[in-house]
Amino acid sequence: MDKVELHNQKISAITNRLPTWLVSLVLLFVGLGNFTDSIELMKNVYESISSKFSNQVEYDRTRHVRAGLNLAYVQDYIGEPQLLKELDGGLQVRYYIDEKYLISLYTQGERVSAYLIFAREDHFQPDMQGMNEQSLGDSPLFQLRQNTDRVAFEHSRNIAYFLESKEVNFGGGYLTNSYLGWVNYAAQFGPSPSPQLGALYEAEMLGENSAGKLTAAREHIRPNAFGYGELSIEQLQRGLLTSAELRFFD
């Protein structure tokens, strides 16, 4: 297949999804000479318009985020991060901040070790891969799974969050960690779980039996974040942004 034929196929694949007026405008630019810039223009205009009326563009982007993938492949879909943090052991966290979502990508070298996707608007509810076709924010943690392996939480002036991790088997012996979480600066799906989380945090700080309060918190918390990976909950915890950091870099 020669280059002209390949270019024509690319144009057809994109134009089939666009309104006629936009196709006509961009093909005019193509006719003027710069194919690559014209395709990029077409993509940017389409995504900008589509994003105002639906979440499909953002769902398509975030759907390509997976643990175990090459970093360059993932960034072809979600772009470059606004912020990068260095953790111990060569672990880095890259933060991709969008109006509708926040992605925390945990990487070692050029490989994605784990990720978290946070909803920032209450109408942004991506499917949680491997969670029985559940969308983010549909159900409290206790309904999604009655028990979990590890939890981490805080309820302080700087940040309020709850994270949990459970090992899951996707078949064929492929084991990974499934993460669900809630942070106070992301979208709020339903009533705030802050009272329950505050009671749990206080009981933990005082060394009291917190099992009942943990169950109560999980019955109220509707997660606004999910992800998968091979890292421990403690490693994920260290990579969380505070409210102040997000405001500064947003």
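A cavity is a set of grid points where a 1.4 Å probe fits but cannot get out. The views below show a predicted model.

View 1. The structure holds one cavity of 30 Å³ or more. Residues lining the largest cavity are Trp182, Gln188, Phe189, Gly190, Pro191, Pro193, His220, Ile221 and Arg222. Sorted by class, five of the lining residues are nonpolar, three are polar and one is charged.

**View 2. The open sheet of eight strands.** Strands of a sheet pair through backbone hydrogen bonds, either parallel or antiparallel. Here the pairing is antiparallel, and the strand order is S1-S2-S3-S4-S8-S7-S6-S5. Strands S1 (83–86) and S5 (150–155) each have a single partner strand and stand at the edges, so one side of each lacks a neighbour in the sheet. From one strand to the next, the twist averages 15°.

**View 3. The pairing of S4 with S8.** Strand S4 (residues 111–119) and strand S8 (residues 225–229) run antiparallel and are joined by three bridges. Opposite Gly229 in S8 stands Ala114.

**View 4. Helices H7 and H8.** Two packed helices are described by the angle between their axes and the distance between the axes. For helix H7 (residues 194–205) and helix H8 (residues 211–220), the axes come within 9 Å and cross at roughly 155°. Because angles over 145 degrees count as roughly antiparallel, H7 is roughly antiparallel to H8. The crossing of these helices, H7 and H8, is left-handed.

Definitions and conventions
Residues numbered from 1 in each chain as written. Predicted model: local features only at pLDDT ≥ 70, side-chain atom pairs only at ≥ 80, totals over all residues. Heavy atoms only, no water. 1 Å grid on protein atoms, 1.4 Å probe; cavity = no way out; pocket = protein on both sides within 12 Å on 5 of 7 lines; lining within 4 Å. Points joined across faces, edges and corners; volume = space filled by probe spheres on them. Nonpolar A, V, L, I, M, F, W, Y, C, P; charged D, E, K, R; others polar. Pairing = 2+ DSSP bridges. Helix = DSSP H or I, 4+ residues; strand = E, 2+ residues; numbered from the N terminus. Axes fitted to C-alpha atoms, helices over the stretch in contact; angles between N-to-C directions. Parallel < 35°, antiparallel > 145°, perpendicular 65-115°, else oblique. Left-handed = near helix turned anticlockwise from the far one by under 90°.
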